[in-house]
Amino acid sequence: MIDVDKPALCAALPGRNWQDGAMATVAVIGLGGMGSRMARRLLDAGHDLVVWNRTPQRASDLVVRGAVAADSPAQAARHADLVITMLSDRAALQEVAEGPDGILAGAIASTTLVEMSTVGPAAVRRLAAMLPDGVGLLDAPVLGSVSEAESGSLRIFVAGPEPLAQRWMPVLGALGSPMHVGPLGAGAAAKLVANSTLFGVLAVLGEALALADGLGLPRDTAFEVLSATPVGAQADRRRPAIESDQFPFRFALSLARKDADLVVSAAESADVELPVATAARQWVASAQEAGLGDRDYSAVIAHITDTARSA
């Protein structure tokens, strides 16, 4: 950990010079499964990188690769042109953004903050209301999981002033395919719209298999039937995991529960009735309560079929 001014900090990154304007100095706050992979891609793209994580040990590999570890979110923001947050939930965002050691305390007028977590429109509005004068904000949540973060193939829903979004598209392009979806808050909204379909499809697939079981239709036949329906691609993709009860880990079911809650909460705030999304959320919540929170979120399918058999 070091405490230096911006030129000295970037001088600690061998062979780079932040003043030449060719590359940005980027801070990544949150080095979990997604954030750490995104940070590596930014390093590989040639950007100067500052990192911070609540568990400092998670920064070790990135420091070996050339990143600089900051002592606090405020210090990371103070020394960066662009600050990316990739955090688990709204509470984590508030913890790292607010307070005397938070991002907002360190951000200066030339800083742009890009909020890439799935936290919902209300959290984006709260963050926007607290920005220091001159600090830019984009909300840019991603569609994809650790494999897409690793390969740089995330879909990125970028929202905020178009000139600001266009300015940072080349940096975000190292992480995947960014698209401008509208004014601030539209990115968070787009992510919830996308997630509502993911949870709905898994619930429909699970219930279809449960119905097949209940009616005595063999699983092989059920999958053959489903392949001719609108959920056919998902049925084919999920079949090996369903048959082996081994769901390759991409995204924790506990985090999917958080995201499903956000979908329903946002709909209620917008006075929109979503009975299907509410039912899908209940399946995810039930699976977590059954002890599947640490498994991949697609394990909700097994929970649905198991629950239906025992009913």
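Mentor: First, a term. A pocket here is an open set of grid points with protein on both sides within 12 Å along at least five of seven lines, and its lining residues have an atom within 4 Å of a point. Also keep in mind that this is a predicted model.

Trainee: Fine. Which element gives the largest share of the lining of the second largest pocket?

Mentor: Helix α13 does, with 4 residues. The pocket itself has a volume of about 160 Å³.

Trainee: Which residues line the second largest pocket?

Mentor: Among them are Arg90, Pro121, Arg125, Leu192, Leu262 and Ser269. Two elements give two or more residues each to that lining, α7 and α13.

Trainee: How does that lining divide into nonpolar, polar and charged? What are the counts?

Mentor: It has 7 nonpolar, 3 polar and 2 charged residues.

Trainee: And how much space lies in the largest pocket?

Mentor: About 900 Å³. It is lined by 39 residues, and those closest to its centre are Met34, Ser145, Arg250, Phe251 and Leu255.

Trainee: What lines the largest cavity?

Mentor: Arg90, Leu93, Gln94, Ala97 and Glu98 are part of the lining, along with Ala123, Arg126, Leu127 and Met130. The elements giving two or more residues are α5 and α7. α5 gives the most, 4 residues. Arg90 also lines the second largest pocket.

Trainee: How many charged residues does the lining of the largest cavity have?

Mentor: It has 3 charged residues, beside 5 nonpolar and 1 polar.

Trainee: And the second largest cavity? What volume does it have?

Mentor: About 40 Å³. Ser196, Phe199, Val263 and Arg281 are among the residues lining it. Helices α10, α13 and α14 each give two or more residues to that lining. It divides into 6 nonpolar, 1 polar and 1 charged.

Trainee: Which residues sit on each side?

Mentor: Asp48, Val50 and Trp52 are on one side, and Leu49 and Val51 are on the other.

Trainee: What does β2 pair with?

Mentor: It pairs with β1, residues 25-29, in the parallel sense over 5 bridges. There, Ala27 has Val50 as its bridge partner. Between β1 and β2 the chain crosses through α2, residues 33-44, and the β-α-β crossover is right-handed.

Trainee: And toward β3, how many bridges join it to β2?

Mentor: There are 2, and these strands also run parallel. Val51 has Ala69 as its bridge partner in β3. The chain gets from β2 to β3 through helix α3, residues 60-65, in a right-handed β-α-β crossover.

Conventions
Residues numbered from 1 in each chain as written. Predicted model: local features only at pLDDT ≥ 70, side-chain atom pairs only at ≥ 80, totals over all residues. Heavy atoms only, no water. Buried < 20%, exposed > 50% of the residue type's maximum accessible area, 1.4 Å probe, protein only. Pairing = 2+ DSSP bridges. Right-handed = clockwise from strand over helix to strand, strands pointing away. 1 Å grid on protein atoms, 1.4 Å probe; cavity = no way out; pocket = protein on both sides within 12 Å on 5 of 7 lines; lining within 4 Å. Nonpolar A, V, L, I, M, F, W, Y, C, P; charged D, E, K, R; others polar. Points joined across faces, edges and corners; volume = space filled by probe spheres on them.
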